[in-house]
Amino acid sequence: MNFGNDWTELCVSVQTDDAEKAENIAQMATPYGIYIEDYSNLEEEAGAIAHIDLFDSALLQKDREHVRIHLYLSPADNPTEVSAFLEERLHAEGVPYTISSADCAMEDWINNWKKYFKPIPVGENLLIRPIWEDEFESDGRTVLNLEPGLAFGTGTHETTRLCLELIERYLRPGDRMLDIGCGSGILAVSALLLGAASAVGVDIDPLAVKTAVENAERNGVQDRFTALCGSLTEQVTGTYRIIAANIVADVILALTADVEAFMEPEAVYLMSGIIDTRAEEVLAAVKKKFEILEYREENGWVAIAARRNR
């Protein structure tokens, strides 16, 4: 993948009432996350959060009727294809839209995004700390030091948080853990920090594998972490008590067909990245082989914990 300065910014503009639908579609179109401009509740939100009642005139002139969703794509992501995907899905949902594009240097969006990524608590025991943030209070939480780079997985997205919460709930000290579609390595490294004996992370993207290894090193768990580059379980051997897949519904459906081969007798299978409109389909497939232990939903995203039928 080319990581030069020839990135493309796609900007999708929709009416504020259609923002949630459009955001969900945009999340499906890019592995890097999205940036959203929404000024529809400027005064109320600023007043509630910062107790501000005086605004810069430029802010007051912002469009309040539309939300703009920015996606940032490398040449390898095929921006033309992504634009076509967005147009097809938005049209299918009956969402009026406009799409514009512009060249964008990679450094611009990475550095702009970092300004908004602060240490965040997750679940009962974790604190995700981006490595460029030095001032933070752990409040007794286990700190995961993270540099996501260009890999998915920061803890800010609902799918990652839901999966981390399930790992925290079902992980036992000494467990072997498998993270399928590991991205930044956030799930596997968190599991190791929470007491797993070992973890394997697998991703089809070599960059994600490299990032996951670096994050394991940053947190001093590299001796217990193995990173594999491959599709789903094609490179995986052995069995595990915790198997996590924070991907998308179609991939989870494919994985569920043969994941039992990698499960210890008391294994727990954790699935996330499922958009709510696909949840029933995934549940139906999972229930054919597994007992549902838990179902969590947040902002239109679903995570499921399951184990083998007894």
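## Basis of the description

The model is predicted, so local features need pLDDT of at least 70 and side-chain atom pairs count only at pLDDT 80 or more, while totals for chains, interfaces and linings use all residues. Residues are numbered from 1 along each chain as its sequence is written, and side-chain values use heavy atoms, with hydrogens and water left out.

## The annotated positions

An unreviewed UniProt entry lists T160, G181, D203 and N246 under "binding site". UniProt positions follow the numbering used here, feature names are shortened, and annotations may be inferred rather than shown by experiment. From this set, G181 and N246 belong to the lining of the largest cavity. A cavity is a set of points, on a 1 Å grid over the protein atoms alone, where a 1.4 Å probe fits but cannot get out; lining residues have an atom within 4 Å of a point.

## D203

D203 lies in strand β9, residues 198–203; a strand is a DSSP run of E with at least two residues, and a helix is a run of H or I with at least four, both numbered from the N terminus. Its relative accessibility is 12%, and therefore D203 counts as buried (under 20% relative accessible area, with a 1.4 Å probe and protein chains only).

Beyond residues up to four places away in sequence, D203 touches G181, C182, G183, A208, V209, L228, C229 and G230; contact means heavy atoms within 4.5 Å. The side chain of D203 also reaches the backbone nitrogen of G183 at 2.9 Å.

## N246

N246 is located in strand β11, residues 240–246. Why is N246 classed as buried? The reason is that N246 has a relative accessible area of 9%.

The side chains of N246 and T160 are joined by a polar contact of 3.4 Å (a pair of N or O atoms within 3.5 Å; within protein, one must be able to donate a hydrogen and the other to accept it, and residues adjacent in sequence count only if both atoms are side-chain atoms).

## The nonpolar cores

In soluble globular proteins, nonpolar side chains tend to be buried together. A nonpolar core is a set of buried Ala, Val, Leu, Ile, Met, Phe, Trp, Tyr and Cys residues joined through side-chain atoms within 4.5 Å. The largest one has 35 residues, of which I128, I167, M177, L187 and L270 touch the most other members. A second, separate core of 26 residues includes L178, V200, V236 and Y269.

Methods
1 Å grid on protein atoms, 1.4 Å probe; cavity = no way out; pocket = protein on both sides within 12 Å on 5 of 7 lines; lining within 4 Å. Buried < 20%, exposed > 50% of the residue type's maximum accessible area, 1.4 Å probe, protein only.
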